[in-house]
Amino acid sequence: MKLLNRFLIAIFATLLAGCVNSNTIDGDIVPVLTDVVTFDGNIDGCARFSFNMIDDSPTINLVGNKELNDENLAPGRRILLSYQYDNGKEAYQSGNITIRAVSLINNGNVGVLPLDELEGWNDDSVYLYSIWRSGCYINIHCRLIYSTEPRRFALVASESSLDADIINLYLVHDLPTPVNSFDRTYFASFNIADVWNRPRCKGIRIHIANSNLSKYTFDFMK
């Protein structure tokens with residue numbers, strides 16, 4: 001039985017702004033940083049962003065040099081942001097930034113299904129580059145076969161594990177029809193708050209049909 005269609009999504013790789021590699025202030029090279037962040041909206045003519053660098057590190061709040069206006073970009077959406085700090089400020093602190101590029105990435109919450117309805121979750125492999133937790137989000141950088149058709153790509157919890165100390169989640173990747181195509185890289189960010197904040201939860205175990213390095217489970221503990 002295939003995964004329910006409510007988890008059917010398209011894969012995004014949309015660039016909203018031009019990008020540069022670096023800039024200079026008084027002869028010093030100012031690096032361009034790229035992070036998965038939350039777009040908090042436009043306030044007083046400036047785009048605002050927030051994110052945790054890794055795990056439960058302090059929240060970083062960024063104030064952009066302009067507004068971002070796009071019909072696909074609503075407050076609360078996770079995006080890939082390339083930016084430079086203003087006035088030589090040290091990286092990964094709250095402050096003002098110059099926006100260099102914004103890319104839409106895949107967003108989602110954790111779904112819940114009985115284990116028998118997860119059959120086919122690993123029909124199509126994922127070449128995983130990296131997976132990390134930042135606050136209540138699991139972020140994924142991976143390579144997937146390219147298709148213009150929507151696919152099942154979701155992070156889903158096994159219903160039977162919800163009250164366990166370790167909750168099992170599965171990265172579902174299932175193309176509706178076989179595709180003979182090339183690969184592209186993608187980012188995704190999933191909100192895990194509903195499972196992470198359950199009273200008995202001490203951590204989560206994410207199962208991925210990973211075709212890179214033969215590692216298939218990834219544990220994130222509190």
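Mentor: The chain has one helix and 18 strands, where helices (H or I, at least four residues) and strands (E, at least two) are DSSP runs numbered from the N terminus. Residues are numbered from 1 along each chain as its sequence is written, and side-chain values use heavy atoms, with hydrogens and water left out. This is a predicted model, in which local features need pLDDT of at least 70, side-chain atom pairs count only at pLDDT 80 or more, and totals for chains, interfaces and linings use all residues.

Begin with confidence, for pLDDT is the predictor's confidence in each residue, from 0 to 100. The chain has a mean pLDDT of 87, and 87% of its residues reach 70 or more. Residues 1-22 have a pLDDT below 50, although this stretch has 74 contacts in the model beyond near neighbours in sequence, a contact being heavy atoms within 4.5 Å. Where pLDDT is low, the predicted coordinates should not be read in detail.

Now to the interior. Of the 222 residues in the chain, 46% are buried; buried means under 20% relative accessible area, exposed over 50%, and partly exposed in between, with a 1.4 Å probe and protein chains only. A nonpolar core is a set of buried Ala, Val, Leu, Ile, Met, Phe, Trp, Tyr and Cys residues joined through side-chain atoms within 4.5 Å. The largest such core holds 27 residues, and those that touch the most other members are Ile131, Ile138, Leu155, Leu169, Ile204 and Ile206. At least two core residues come from each of β12 (127-134), β13 (137-145), β14 (151-158), β15 (166-174), β16 (183-191), α1 (193-196), β17 and β18, and β13 gives the most, with four. A second, separate core has 18 residues, including Ile60, Leu62, Ile79 and Tyr85.

Take Ile138 as a place to look from: leaving aside neighbours within four places in sequence, its contacts include Ile131, Leu155, Ile204, Ile206 and Phe220.

β18 runs antiparallel to β17 (residues 203-207), to which it is joined by five bridges, and Gly203 stands opposite Met221. Between β17 and β18 lies a loop that holds Leu213; with a relative accessible area of 75%, Leu213 is exposed, and its phi is near 70 degrees, a positive value in a residue other than glycine.

β10 and β16 pair in the parallel sense over four bridges, and Asn109 stands opposite Asn191 in β16.

Finally, consider the cysteines: Cys142 is buried at 1% relative accessibility, and Cys201 is buried at 5%. A search of the whole structure finds zero disulfides, a disulfide being a pair of cysteine sulfur atoms within 2.5 Å.

Methods: Pairing = 2+ DSSP bridges.
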